[in-house]
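Dear colleague,

Please find below the structure that I am handing over to you. My findings follow it.

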Amino acid sequence: MDINLILSAQTLTLVPHLQRSELINGLIVIKNVPLKTYLRVTPEQWAILEQFEKPKTVPIVLGNAIRERQCLPLDEFYELILKAIKANILQEPGTVTTPVKAYEWPWAVRPKIMARPIAILFCVGLVMSLGFRPSLPESPVDWVAGILLLSASLSFGTFLKACLIRGGGGEVYRPRWLWLAIPPYFSIDTHDAVMLAPSERTTVGIAGPAVLATAAGIAQWHRPGMAFFSLIGLIVSLRPIFGGRFVGLIHVGDKRSLSDSEHSHIFPPNRSPDGRVKMLRRAISQPTTWVRMLYGICWTLAGLYWGARLGEMPPWTLTFWQRNGLRIAVGIFGSLLALGVGYLSWEIFHFARERARARRDTLRLWQRRWFGAKKIPLDEANRVKLLASAAVVSSLTPPQRLELARIMEVRTHGFWTALPECGDVPTRVSLIVSGKVSVRREMPSGRTVPVQVLSEGDIIGLHDLADPKFPTYRFRTQTPVTLLTVDRATAEKLIVRRVPPSTLTDMLLKAPFLRRIPLCQNWHRQAIDRFARLSSITSYEPDAAILSQGQTVEIFFVIFQGDAKVIQDGRVLATIRSGEFFGEIGLLQNSAPNASVTAHQNTRCLSIARTELLRFVTHNYTVALELERVSSNRLGRPIFPLRSGDFRSI
């Protein structure tokens with residue numbers, strides 16, 4: 001699954017022959033009938049999927065959801081898309097699949113009719129199973145009869161579930177005998193029970209354990225040795241972990257259950273430590289989680305009780321608890337502690353691994369800049385590769401890049417060294433092969449301000465052409481630097497005349513500036529370059545209005561130079577400085593700002609129109625997630641989904 005392709009360019013559509021369940025515990029179950037796949041979604045999530053009724057790309061649907069104020073939290077939105085594809089609810093148009101045929105099950109029993117008898121059988125069988133004293137099989141007859149009883153109970157329980165599912169309107173799939181199982185028994189695929197009403201699903205869920213409990217209880221009363229294997233099967237069927245389905249029937253006080261997009265994540269950002277912590281918080285906030293944990297404790301105690309009764313000392317006697325009470329308590333709390341420590345260790349491991357991966361490339365780059373520059377191969381072929389990766393000259397044809405590579409010279413400079421040949425009157429133009437160079441712009445007052453930090457692939461020596469309004473720049477190395485350099489006259493002939501002026505401005509001024517501001521720290525370099533091409537530099541006179549209170553926001557702004565004031569009803573609320581941005585909340589919420597922004601001094605902004613920004617954001621999920629995060633931090637609450645009162649904010 002190519003996630004980048006799916007979320008940016010692939011056309012998807014809802015498959016035909018979908019079946020919807022009624023609203024169950026706040027969720028709708030969507031079934032792909034031919035393929036027998038299921039997806040549990042909220043009504044809001046289904047509204048998103050319905051937009052794929054006609055073939056569309058994910059960015060188009062996301063853009064529509066933002067404009068119509070129906071957008072989900074973006075991590076949930078992207079998870080929903082990937083889960084829908086995995087469940088074959090969304091597919092590429094023209095996809096051919098092999099259908100799964102339902103079995104023509106001839107018997108049907110309405111779950112509503114059998115609900116009370118099955119519940120009574122389950123309770124009576126459970127009381128009898130725990131009430132009579134169990135014993136181990138004492139003879140070969142007990143062994144054989146016990147295994148046959150377990151096999152018959154499992155098979156009849158499966159048969160009963162199939163009848164109930166068919167009676168509730170569901171389909172029966174893959175009836176078969178599992179001859180290699182221990183013991184062999186009749187089995188069916190019961191997943192279609194999720195399409196039934198909650199009460200019917202509960203009846204189907206307890207049908208199998210009810211048959212086992214009844215068989216075990218009767219055998220306990222008649223011949224305890226023959227009931228041993230049925231009791232084991234009953235305990236296993238009621239297990240709270242390792243795929244136990246009975247615990248899934250427990251729902252207490254929840255407005256809704258978790259949808260498939262809220263657990264078992266496959267969207268990479270959701271699988272980060274922060275994403276797993278968020279999922280854990282969401283789970284423990286639901287009463288059902290705690291009731292299921294209590295059920296797990298009760299199941300454990302019942303298992304201990306049953307195991308103790310196999311011995312000579314009954315568990316209800318004082319002597320038993322005097323001898324074993326401490327060990328039982330230590331075992332229970334030790335198990336809980338072990339689970340907690342195991343989970344914490346697992347999360348620490350993932351956190352450390354994620355951080356190590358994030359820092360690995362940084363450490364390698366640091367080592368290369370300070371100690372490995374001499375080992376960088378700079379023959380003709382590698383020079384051509386370096387030029388091809390540089391955004392400014394990547395538009396040149398291969399013969400033009402080859403011509404430039406042949407005449408460029410290699411020069412090195414030490415740490416914290418001024419580069420006068422690229423200063424007031426640039427005499428040389430250089431490509432940074434290795435290292436970092438700080439750039440300061442000289443203002444009309446003579447004061448210099450830091451504006452950029454250039455690194456590998458950036459060009460120095462052409463800033464005066466890219467920014468004729470402020471043509472004076474100062475360059476100083478921050479690390480040892482290796483350059484491929486050529487004289488200015490040759491560069492103007494081979495580069496400047498062949499590259500559009502807008503490209504110089506985009507790649508020499510905007511892109512390096514964007515790379516160092518917090519908003520773009522986690523963006524891919526290609527996304528930054530794309531944003532630089534889409535934005536334009538706008539200058540404002542002092543006290544000029546950049547954004548007006550109450551007017552619809554149509555532009556996103558980043559302060560490129562100078563600062564601006566946030567004013568509400570004539571009162572200055574804040575100062576926005578270089579590298580900070582505004583207007584994104586109004587664009588994402590499709591709303592008007594509740595304050596004005598005015599220029600202060602030497603103010604220049606990078607501005608991008610609403611349509612272009614939404615197209616850019618919806619095609620870059622890392623950008624969308626980052627913009628959502630910073631906007632939510634500014635608001636003090638999640639920006640998506642929108643709520644009442646969310647529609648008038650900067």
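**Strand β15 and its partners**

Strand β9 (residues 409–413) pairs with β15 in the antiparallel sense, over five bridges. Within this pairing, E409 stands opposite T485 of β15. Please bear in mind throughout that this is a predicted model.

Strand β10 (residues 428–434) is likewise joined to β15; six bridges link the two, which run antiparallel. Here R428 has D487 of β15 as its bridge partner. As for β15 itself (residues 481–487), six of its seven residues are buried, so the strand is largely enclosed by the rest of the structure.

**An open sheet and the helix packed on it**

Three strands, in the order β12-β11-β14, form an open sheet with antiparallel pairing. Its edge strands are β12 (448–454) and β14 (473–477), each of which pairs on one side only. From one strand to the next, the twist averages 25 degrees. Between β11 (residues 437–442) and β12, which run antiparallel, there are six bridges; V437 has L454 of β12 as its bridge partner. Helix α16 (residues 501–515) packs on this sheet and touches β12 and β14. The direction of α16 makes about 85 degrees with that of β12.

**The contact of α6 with α8**

Two packed helices are described by the angle between their axes and the distance between the axes. The axes of helix α6 (residues 140–167) and helix α8 (residues 228–237) come within 7 Å and cross at roughly 35 degrees. On the α6 side, the contact is made by W143, G146, I147, L149 and L150; α8 contributes F229, S230 and G233. Of the residues in this contact, five are nonpolar, three are polar and none is charged.

**Helix α20**

Helix α20 (residues 621–635) has 15 residues, which at 1.5 Å a residue should span 21 Å. Its end C-alpha atoms are 21 Å apart, in agreement with that value. Because 11 of the 15 residues are buried, α20 is largely enclosed by the rest of the structure. Among the buried residues are Y621, E626, E628 and L635. What covers the buried residues of α20 includes α1 (3–8), α4 (74–86), α17 (525–534), β20 (581–582), α18 (584–589) and α19 (610–618). The helix is followed by G636, whose phi is positive, near 80 degrees.

With kind regards

Conventions
Residues numbered from 1 in each chain as written. Predicted model: local features only at pLDDT ≥ 70, side-chain atom pairs only at ≥ 80, totals over all residues. Heavy atoms only, no water. Axes fitted to C-alpha atoms, helices over the stretch in contact; angles between N-to-C directions. Helix = DSSP H or I, 4+ residues; strand = E, 2+ residues; numbered from the N terminus. Contact = heavy atoms within 4.5 Å. Nonpolar A, V, L, I, M, F, W, Y, C, P; charged D, E, K, R; others polar. Buried < 20%, exposed > 50% of the residue type's maximum accessible area, 1.4 Å probe, protein only. Pairing = 2+ DSSP bridges. Expected span 1.5 Å × (residues − 1).
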